[in-house]
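Dear colleague,

I am handing over the structure below, followed by some notes on what was found in it.

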Amino acid sequence: MRRQVLSLLVENTSGVLSHISGLFSRRGYNIDSFSAGVTADDRFTRVTVVARGEDQVLEQIRKQLAKLEDVVDIKELKPDESVCRELVLIKLRAKPEDRQNILSVANIFRANIIDVSSDSMVIELTGDQSKLKAFIDLVKAYDILELARTGETGLSRGDKDVKFIK
């Protein structure tokens with residue numbers, strides 16, 4: 001089973017995300033991660049979809065996505081040819097005696113403390129999935145109260161595959 005990260009450039013129209021997710025649902029494909037955001041040109045949205053499967057299934061996903069009317073471009077983001085990141089926000093129970101240890105772990109991972117209250121801390125961390133997993137595994141001991149992940153997003157390296165739309 002292989003993991004595939006697809007970067008889709010789609011027209012920024014109502015229903016486009018529904019069309020994409022509906023395709024996966026109708027065909028029985030699972031989505032590991034899904035993120036979307038408007039590009040520098042607000043006519044277009046960049047959607048990053050991560051899926052796992054056999055080569056034949058992953059190729060079928062790509063072909064079916066290419067058939068969608070709103071899809072302008074599709075790129076596979078291969079690990080050695082792209083930069084992919086994910087954001088995680090973690091709210092930890094933070095007793096006064098634990099705060100320094102939590103700060104030390106956060107500093108090692110270059111995480112940011114973005115909120116502190118009398119009994120909790122919210123930490124922001126970006127990185128690849130292995131970095132996020134390692135951090136989450138280390139802070140589990142402090143009681144994770146809430147956790148939110150954005151899903152993976154990415155871009156290819158260099159400018160050889162950039163699609164310019166006029």
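Strand β1 (residues 2-11) and β4 pair in the antiparallel sense over 5 bridges, where strands are DSSP runs of E with at least two residues, numbered from the N terminus, and two strands pair if DSSP finds at least two bridges between them. Within this pairing, L9 stands opposite D73 in β4. Both strands belong to an open sheet of 4 strands in the order β2-β3-β1-β4, with antiparallel pairing; its edge strands, each pairing on one side only, are β2 (33-38) and β4 (71-76).

The model is predicted, so local features need pLDDT of at least 70 and side-chain atom pairs count only at pLDDT 80 or more, whereas totals for chains, interfaces and linings use all residues. Residues are numbered from 1 along each chain as its sequence is written, and side-chain values use heavy atoms, with hydrogens and water left out.

There are 2 aromatic pairs, counted when ring centres of Phe, Tyr or Trp (its six-membered ring) lie within 6.5 Å, with planes under 30 degrees apart taken as stacked, over 60 as edge-to-face and the rest as tilted. F24 and Y29 form an edge-to-face pair, at 6.2 Å centre to centre and 80° between the planes, and both residues are buried (under 20% relative accessible area, with exposed over 50% and partly exposed in between, for a 1.4 Å probe and protein chains only). F109 and F135 are also edge-to-face, at 5.2 Å and 70°; because F109 lies in the loop between α3 (99-108) and β6 (112-116) and F135 in helix α4 (residues 129-139), this pair ties together parts 26 residues apart in sequence (helices being DSSP runs of H or I, at least four residues). F109 is buried at 13% relative accessible area, and F135 is buried at 1%.

Best regards
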